[in-house]
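Dear colleague,

Here is the structure I said I would pass on. My notes on the helix packing follow below.

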Amino acid sequence: MSVRPWTPEDLGRPTDGTWVDVAFGLGEMYERAGDLQQAADWYRRAAESGCADAALRLGAVLGRMADAGPAGDAAEDLLAEATRWLSGAQDATTPDAIELITDMLNRQLRQAARRGLEPASAG
């Protein structure tokens with residue numbers, strides 16, 4: 001019984017088959033499945049290898065994770081990392097990238113507003 005090997009083309013993305021493409025494809029697969037933590041891990045690997053599309057997707061996924069999680073330091077850390085990836089992406093001037101960066105700035109403003117509305121601790 002022969003087994004057909006999985007390739008990133010299975011996700012509908014043309015590729016030359018490099019490991020960065022595989023990492024990006026796995027990020028897409030996990031993102032579609034709703035597993036944002038796994039998606040972020042795979043996008044991060046591809047982004048660290050220089051994939052601009054992965055840096056943009058990573059920023060978007062980290063922003064969604066910050067929105068879904070509880071407010072506080074963890075959300076702020078996710079937003080800070082997302083901003084670093086988005087602002088450092090090679091294709092940061094494309095319309096999609098500009099939209100992601102604008103969305104990230106809006107998320108940061110919402111986080112700041114929430115912090116401003118929290119009651120001050122006594123003591």
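Helix α3 passes helix α4 in a left-handed crossing (left-handed: the near helix is turned anticlockwise from the far one by less than a right angle; helices are DSSP runs of H or I, at least four residues, numbered from the N terminus). This is a predicted model, in which local features need pLDDT of at least 70, side-chain atom pairs count only at pLDDT 80 or more, and totals for chains, interfaces and linings use all residues. Residues are numbered from 1 along each chain as its sequence is written, and side-chain values use heavy atoms, with hydrogens and water left out.

The axes of α3 (residues 52-68) and α4 (residues 73-88) cross at roughly 165° and come within 8 Å; axes are lines fitted to C-alpha atoms, for helices over the stretch in contact, with angles from 0 to 180 degrees between N-to-C directions. The two helices are therefore roughly antiparallel (an angle over 145 degrees).

The residues of α3 in contact (heavy atoms within 4.5 Å) with α4 include Leu58, Leu62 and Met65, and the α4 side includes Leu78 and Trp85.

Leu58 lies in α3 and counts as buried because its relative accessibility is 0% (buried: under 20% relative accessible area, 1.4 Å probe, protein chains only). Leaving aside neighbours within four places in sequence, Leu58 contacts Ala40, Tyr43, Arg44, Ala47 and Trp85. Its C-alpha atom is 7.9 Å from that of Ala39, 19 residues away along the chain.

Not counting residues up to four places away in sequence, Met65 touches Leu36, Gln37, Ala40 and Leu78.

Regards

Technical notes: Parallel < 35°, antiparallel > 145°, perpendicular 65-115°, else oblique. Buried < 20%, exposed > 50% of the residue type's maximum accessible area, 1.4 Å probe, protein only.
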